[in-house]
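Student: I have a new structure to study and would like to understand the words used for it. Could you go through them with me?

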Amino acid sequence: SLLYRRFRHFNGDKTKGLIFLCCELIENNGSALREYVLRHAAATHLEPEFSEWIKDSCIFCNTLVDRIVSGFPHDTIDEVRDELGFDDRLVVKGELFHIWAIGSQHKNMRPLVLSPLKCLNRRYRREVILPGKVTGVSERMSSSS
């Protein structure tokens, strides 16, 4: 696994953990993934130091996105294909989201400011992710020039 190879490559260095932003639509998705990873490590008899490294060095954030994804855009796929410049058979139609809530109880979680990004000729500005049980990220859409 990627995590185990990273643990081994860096000799268990506690500063080399990863941050996971889970997007599964289940309650406490980050906590659930963390528990699954720890159960898998135990079931495959990996050394206890690896499990401790996961607990101490990796952050599994619980997330919630206020957004509906309705699936493949049958009615507008030609317009999407023209805008992308290629045929993407895995494209899905989804609402723009206005709230992305990210939470973590990890002791090393610090405020994070994400820079603007450009996506399909729309500009999104993500503001601030703060540490705490429930944390908000607001999104504002503006026209790109």
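Predicted model: local features only at pLDDT ≥ 70, side-chain atom pairs only at ≥ 80, totals over all residues.

## Asking what the words rest on

Student: Why is Asp-56 called partly exposed?

Tutor: Its relative accessibility is 30%. Buried means a relative accessible area under 20%, exposed means over 50%, and partly exposed is what lies in between (1.4 Å probe, protein chains only). A value of 30% falls between those limits, so Asp-56 counts as partly exposed.

Student: What makes the pair of Lys-14 and Asp-56 a salt bridge?

Tutor: The rule asks for a side-chain nitrogen of Lys or Arg within 4 Å of a carboxyl oxygen of Asp or Glu. The closest N and O atoms of Lys-14 and Asp-56 are 3.1 Å apart, so the pair passes. Lys-14 sits in the loop between H1 and strand S1 (19–21) and Asp-56 in helix H3, so this pair ties together parts that are 42 residues apart in sequence. Lys-14, at 45% relative accessibility, is partly exposed.

Student: How do you know what is a helix and what is a strand?

Tutor: They are DSSP runs: helices are H or I with at least four residues, strands are E with at least two, and both are numbered from the N terminus.

Student: How many salt bridges does the rule give?

Tutor: Seven. One of them joins Glu-47 and Arg-8, at 3.6 Å from N to O. That pair links distant parts of the chain, 39 residues apart: Glu-47 is in the loop between helix H2 (29–43) and H3, and Arg-8 is in helix H1 (residues 2–9). Glu-47 is partly exposed at 23%, and so is Arg-8 at 49%. Another bridge joins Lys-55 to Glu-52 at 3.5 Å; both lie in helix H3, three residues apart, about one turn of the helix. There is also a network of salt bridges linking Asp-78, Arg-81, Asp-87 and Arg-89.

Student: Why is Ser-57 called buried, and what does its side chain reach?

Tutor: Ser-57 has a relative accessible area of 9%, which is under the limit for buried, so the word applies. Ser-57 belongs to helix H3 (residues 48–57), and its side chain reaches the backbone oxygen of Lys-14 at 3.0 Å. A polar contact is a pair of N or O atoms within 3.5 Å; within protein, one must be able to donate a hydrogen and the other to accept it, and residues adjacent in sequence count only if both atoms are side-chain atoms.

Student: How do you know that the buried residues of H3 line one face?

Tutor: The buried ones are Phe-50, Ser-51, Trp-53, Ile-54 and Ser-57. Seen down the axis of H3, they fall within an arc of 160 degrees, so they line one face of the helix. The arc is taken from the directions from the helix axis to the C-beta atoms. The cover over these residues includes H1, H2 and strand S2 (59–65).

Student: What makes a group of residues a nonpolar core?

Tutor: They must be buried Ala, Val, Leu, Ile, Met, Phe, Trp, Tyr or Cys residues joined through side-chain atoms within 4.5 Å. The largest core here has eleven residues, among them Leu-3, Phe-7, Val-37, Trp-53 and Phe-60. H1, H2 and H3 each supply at least two residues of this core. Leaving aside neighbours within four places in sequence, Phe-50 is in contact (heavy atoms within 4.5 Å) with Leu-3, Tyr-4, Phe-7 and Ala-41.

Terms used: Residues numbered from 1 in each chain as written. Heavy atoms only, no water.
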